[in-house]
Amino acid sequence: MLAVLFNKNKLGEDTPHAVLNWRLWYGVFVFGLMGAARGLDEGLIGTSAEQPSFQETFGLDDASGKSEAEKAALLGNITGMVQMGSILGALIAFFLTDKIGRLWATRELCFLWVLGITIFLAAASNGSIGMVYAGRFIAGVGIGQTTVVAPTYLAETAPRTVRGFCVCMFSGAVYLGIMLAYFGSYGSNLHISEKTQMQWVVPNLMHIYFAAIIFFASFLAIESPRWLIKVGKHEKAAANLSKLRNLDVHHWYVQSEIIDINDQLNREREATKGTTWFGPIRELLSDKGNLYRMQLSVMSQLLSQWSGASSITIYAAKYFAMMGTSGEKEKLFATAIFGVVKFVSAMLCAFFLIDWLGRKRSLMIGITCQLIAMLYMAIFLLLDTGVGDEGYTPTGAVKHAAMGAIVMIYISGFGWALGWNSIQYLINSEIYPLRLRALGGSFAMTFHFANQYGNSKAVPSMFISMTNGGTMAFFVGITAIGLVWVYFFLPELANKSLESIDAVFALPWYQIGRRGKELTQNVGGMAENYNSEKDKMDMVENVAEVQPERRV
Ligand SMILES: *[C@@H]1O[C@H](CO)[C@@H](O)[C@H](O)[C@H]1NC(C)=O
Ligand SMILES: *[C@@H]1O[C@H](CO)[C@@H](O)[C@H](O)[C@H]1NC(C)=O
């Protein structure tokens, strides 16, 4: 991204400068910010549950007379409600995004998000656990939809040279949410008396601020021209695309985008003549290219969720204890720094790697960092199991090795934010064709949340039955498989138009991952081979003349 901004000559060849304008960045801001929703929840519920006022109201304190296991189960239920709601949210998101558009789907999800959080916070007045569950579930339905709506919109509106950057703003915002949540709770713990409910209610108001900002800001954002074409509003689409690109509607860049979109839509229409409601689902299952796409969604979710990184996020404090960092304050501090490291790495990836080095290489660098870090931790835990024990003070070489292990936690977080976490939203938003984009995204994200839920339930028992070292070794294995899979199966899609990606999936399956990029080109890409603006325009005009149905 920065490489593109600084090296104007490079941008000049394939993309007019005008397309990087404030309207584009405004859309990236509004939709990228939605990523903070999950981060806020993850950070706020964990820290709220630590506040004495929250514990007392909902029976999580010692006075409630519950056993440790009962308290843990109750907290698990409270936390898990948002994940369950998110599964439903991701499942229905495709229907809403395609039916009412990307912008109205955003407003609708903000509404559910605020409604749910309001019910949750209202439980402060009567201590009703039912309201906590219901509120968090409703909020989850809204929050789950963000993972489909925002990446879809970002991928559809971004010029292809900076598409990776735009979508990665969404994955990076997760860590913005986590950091703000942490500091908000920390501040209210310091400054608000633990005798009032305000201690946990005030930081949770951040949810409402974010939803309100996104809701109102969405009225100045531009609807996705690709969606407008999909629902047959061709004139509006052209006008909106020209506004978004800050170019005349007759400019070759705008025209070639429109031709490409129409092309793809016509191809899809021809492939599926039926227009029943399950038409898109049949389309998803009946085409070889689409089956390959679904394989990418399923495998990327499985391999990333079980690579151990998300369980390191959730259990970071526990890991620090395991590695010999003791004391509440130290652990919380280390966890906060962990959030900062991941935020910075996600931003580094978005700015410098994803469009410049490409998806495949960024991901392989990220996974390699994770692999090295996990391997170290696995060996360390298998060789020395006494470090996390209470009252154990490591000395000499063991102490140095334990320090090394803590450094490795940070390296694994760095690798995760650089690789899997950034890529998982990006590939699902760019591989599917227009008619199936929202549906494919819904499918991938439903699977994502279901996996995450299973993961959070399974990992604690894995640590007990397989031992800490054994569990780590299991994660190392999955991470290594991930590296091999990416090398063979993930196609490089950096700098390709969304429409030319279709051609990649029309190749024989064994060529898609290894040579997909070199073997395919699109109209916009063809125009770039001409040097002067006039030649580019002529080329696009010619295509439109020979095949008028490709015009607006
Ligand atoms: C948590 O939810 C499960 C059902 O999902 C229920 O069986 C269990 O009793 C709940 N635990 C607590 C402590 O509320
Ligand atoms: C852009 O699309 C919206 C529909 O979302 C439409 O109301 C508006 O008129 C379009 N803008 C232009 C300039 O056509």
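Biologist: Which side chain has an N or O atom 2.4 Å from an oxygen atom of ligand 1?
Modeller: Look for a polar contact, a pair of N or O atoms within 3.5 Å; within protein, one must be able to donate a hydrogen and the other to accept it, and residues adjacent in sequence count only if both atoms are side-chain atoms. Here the side chain is that of Asn 77. On its own ligand 1 exposes 360 Å², and the protein buries 33% of that (Shrake-Rupley areas, 1.4 Å probe; for residues, only the protein chains shown count as cover). Before going on: this is a predicted model, where local features need pLDDT of at least 70, side-chain atom pairs count only at pLDDT 80 or more, and totals for chains, interfaces and linings use all residues. Residues are numbered from 1 along each chain as its sequence is written, chains are lettered from A and ligands numbered from 1 in the order in which they are written, and side-chain values use heavy atoms, with hydrogens and water left out.

Biologist: Which residues are around ligand 1?
Modeller: A residue is near a molecule if one of its heavy atoms lies within 4 Å of it. That gives Glu 70, Leu 74, Asn 77 and Tyr 133. Helix 6 (residues 68-126) contributes the most to this shell, three residues; helices are DSSP runs (H or I, at least four residues), numbered from the N terminus.

Biologist: And which residues are around ligand 2?
Modeller: Glu 223, Leu 228, Lys 236, Ala 239 and Asn 240. The protein covers 55% of the 360 Å² of accessible area that ligand 2 has by itself. Helix 11 (residues 234-245) supplies the largest share of that shell, with three residues.

Biologist: How do I read phi, say for Thr 467?
Modeller: Most residues other than glycine have a negative phi. Thr 467 has a positive one, near 65°, and sits in helix 22 (residues 467-489). Asn 495 also isn't a glycine, yet its phi is positive at about 65°; you'll find Asn 495 in the loop between helix 22 and helix 23 (501-505).

Biologist: Now charges. How many salt bridges are there?
Modeller: Side chains of opposite charge can pair when their charged atoms come close. The rule is a side-chain nitrogen of Lys or Arg within 4 Å of a carboxyl oxygen of Asp or Glu, and the count comes to twelve. One of them joins Glu 430 to Arg 163, with the closest N and O atoms 2.7 Å apart. That pair links distant parts of the chain, Glu 430 in helix 20 and Arg 163 in helix 8 (residues 163-191), 267 residues apart. Both Glu 430 and Arg 163 are buried, meaning under 20% relative accessible area, with exposed over 50% and partly exposed in between (1.4 Å probe, protein chains only).

Biologist: How many residues of helix 20 are buried?
Modeller: Eleven of its eleven, for residues 420-430.

Technical notes
Helices (H or I, at least four residues) and strands (E, at least two) are DSSP runs, numbered from the N terminus.
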